[in-house]
Amino acid sequence: SEGELLNKTSEWLLHPDDQAKTLEPPPRITEGDKTLHVENRYRHKNGSYCWLSWKAVAEQGYTYAVARDITDLKNSAAQLQASRRELAEVSRHTTMGAMAASIAHEVNQPLAALVTNANAGLRWLANSKPDLEQVRVILKKIVDDGHRASAVVTGIRSMFRKDADERSPVSVNDLVGVVLSVVHGELESHRVLLQTELCEGLPPVMAEQTQLQQVVLNLILNAIDAMNSVTDRDRILIVRSVTEFIASIAFKIR
């Protein structure tokens, strides 16, 4: 009403975050551009803000503009974006669940072997005449299992390191090897046979290693899921790297 508008400037109608771009029109308006597209928010009587999409043109020192209400469009876009985020979050949780099971399997195996070999070594040393050669063999097995557990943990850490957005030379075969070591337990639990056909001498590729590892991980997990319904034949996952114009990775489900 007139009473609500008196003694107030146009800034009162504008959303605080939109005042700068609205009150200082770009140079294109003053040059007579009639197709300028600007979106801003104006105060509604109920206190909320409406999204408006403007087209404007300058004429003799004035700016003439027409707007259409796109509030519903903006709300729909925001809801769609929120739905996409929720789906992405669900996908991440699903992937992390599968990885957690596989990681636990991969780490538990060498840890169990460490405990078994250590107990065997203690028994050999407890003999009246310890067989030092047997103890030496067992200690070697303990060292090997320790290195295996360390390699698994290192591979996992590399997939979630903080410098994930840094591009660097990446060995495709090494990258595939790290991912396969993480999903080894998942392959076993789903009774999937793995065949690797990795081309020797692949050149390094410039890539964001962590993101590429996560892509390969998702491909492998999707392949495993796709074979769940296969019951009349062996489940075989073939991972192949080849050289074309660039290094690439190929997956084949059989």
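The model is predicted.

In general, strands of a sheet pair through backbone hydrogen bonds, in parallel or antiparallel fashion.

Now look at the pairing of strand 1 with strand 2. Strand 2 spans residues 49-59. Six bridges join the two strands, which run antiparallel. Valine 38 gives one point of reference: tryptophan 54 in strand 2 stands opposite.

Histidine 15 comes next. This residue lies in the loop between helix 1 (2-5) and helix 2 (19-23). Is histidine 15 buried or exposed? Its relative accessibility is 16%, and the cut-off for buried is under 20%, so histidine 15 counts as buried. Leaving aside residues up to four places away in sequence, histidine 15 touches Arg41 and Tyr49.

Move on to the largest nonpolar core. It holds 22 residues. Which residues have the most contacts inside it? They are Leu180, Val183, Leu187, Val192, Ile220, Ile224 and Leu237. Helix 6 (172-182), strand 6 (205-208), helix 8 (209-226) and strand 7 (235-243) are the elements that give two or more residues to this core. Helix 8 supplies the largest share, six residues.

Valine 192 shows the contacts of one core member in detail. With residues up to four places away in sequence not counted, valine 192 touches Leu187, Ile224, Met227, Arg235 and Leu237. Among these partners, Leu187, Ile224 and Leu237 are also on the list of core residues with the most contacts.

At 26% relative accessibility, arginine 240 counts as partly exposed. Which residue does its side chain meet in a polar contact? The partner is the side chain of glutamate 197, at 2.7 Å. Cysteine 199 also belongs in this picture. Along the chain, cysteine 199 and arginine 240 are 41 residues apart. Their C-alpha atoms are separated by 7.5 Å.

How values were computed
Residues are numbered from 1 along each chain as its sequence is written. This is a predicted model: local features need pLDDT of at least 70, side-chain atom pairs count only at pLDDT 80 or more; totals for chains, interfaces and linings use all residues. Side-chain values use heavy atoms; hydrogens and water are left out. Two strands pair if DSSP finds at least two bridges between them. Helices (H or I, at least four residues) and strands (E, at least two) are DSSP runs, numbered from the N terminus. A nonpolar core is a set of buried Ala, Val, Leu, Ile, Met, Phe, Trp, Tyr and Cys residues joined through side-chain atoms within 4.5 Å. Buried means under 20% relative accessible area, exposed over 50%, partly exposed in between (1.4 Å probe, protein chains only). Contact means heavy atoms within 4.5 Å. A polar contact is a pair of N or O atoms within 3.5 Å; within protein, one must be able to donate a hydrogen and the other to accept it, and residues adjacent in sequence count only if both atoms are side-chain atoms.
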